[in-house]
Amino acid sequence: MVEPTPPPPRRLAALVRQRAASFGYAFRGVWAALQTEVHLWFHAAATVLVIGLGLYFGLERWEWAVVALAVGAVWCAELVNTAIEAVVNLVSPDYHPLAGRAKDVAAGAVLVMAIAALAVGLLIFGPRVWDLLSW
Ligand SMILES: Nc1ncnc2c1ncn2[C@@H]1O[C@H](COP(=O)(O)OP(=O)(O)OP(=O)(O)O)[C@@H](O)[C@H]1O
């Protein structure tokens, strides 16, 4: 089997620059969404709260993993929803049933993920908060 030849240094530098720029665009996207979407500030506050509670209760490693996935998935769903809203507004500024359906379905994805994250929160923090409040 022929080994793939590594890219020459100049091309490698360009590749690294390109990847770094892509990260920049992605962070810019998150920042742009934060500036327009109030929901994301709610998610940010909830994320800080969940991390604080996790530290307070000393979650186990696997619990942190589940919580991180749940939090990340909600952020992800909200960002995708924001992107879909932007595209729909671009291509269909006037009323159209399909535009409405696209927005409703995208919002539904956020709702489903938020309910799942709430279930994770209740399962992991619920018993601990209950113990704390019932002594
Ligand atoms: N171009 C459109 N055509 C048909 N229905 C639309 C259109 N734009 C919005 N709608 C309907 O109005 C609802 C709310 O739309 P909007 O763009 O205000 O979303 P939103 O969830 O309130 O946005 P935000 O996250 O900015 O608060 C949509 O879910 C959809 O049912």
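Trainee: Leaving aside neighbours within four places in sequence, which residues is Val74 in contact with?

Mentor: Val74 is in contact with His43, Met113, Ala114 and Ala117. Two residues are in contact if their C-beta atoms, placed from the backbone, lie within 7 Å. Please note that this is a predicted model, in which local features need pLDDT of at least 70 and side-chain atom pairs count only at pLDDT 80 or more, while totals for chains, interfaces and linings use all residues. Residues are numbered from 1 along each chain as its sequence is written.

Trainee: Which residues make up the largest nonpolar core?

Mentor: Val74 is one of its 8 residues, together with Val50, Val67, Ala70, Ala77, Ala117, Ile124 and Phe125. A nonpolar core is a set of buried Ala, Val, Leu, Ile, Met, Phe, Trp, Tyr and Cys residues joined through C-beta atoms within 7 Å. Buried means 20 or more other C-beta atoms within 10 Å of a residue's own, exposed means 12 or fewer, and partly exposed is in between, with C-beta atoms placed from the backbone.

Trainee: Which element gives the largest share of this core?

Mentor: Helix H3 does, with 4 residues. The elements giving two or more residues are H3 (61–91) and H4. Helices (H or I, at least four residues) and strands (E, at least two) are DSSP runs, numbered from the N terminus.

Trainee: Where does H4 bend?

Mentor: H4 bends by about 45 degrees at Phe125, and Pro127 follows within four residues. The bend is the angle between axes fitted to the seven residues ending there and the seven starting there.

Trainee: Changing topic, what surrounds the ligand?

Mentor: The surrounding residues are Glu37, Glu85, Ser92, Tyr95, His96, Ala99, Gly100, Lys103, Asp104 and Ala107. A residue counts as near if its C-beta atom, placed from the backbone, lies within 6 Å of the molecule. Helix H4 (residues 97–133) supplies the largest share of this shell, 5 residues.

Trainee: And Ala33, why is it partly exposed?

Mentor: Ala33 is partly exposed because 19 other C-beta atoms lie within 10 Å. Ala33 lies in helix H1, and its C-alpha atom is separated by 6.9 Å from that of Thr82, 49 residues apart along the chain.

Trainee: Where is confidence lowest and highest in the protein chain?

Mentor: The lowest mean, 91, is in helix H1 (residues 9–36), and the highest, 98, is in H3. These are pLDDT values, the predictor's confidence in each residue, from 0 to 100. For the complex, the predictor gives an ipTM of 0.90 and a pTM of 0.86.
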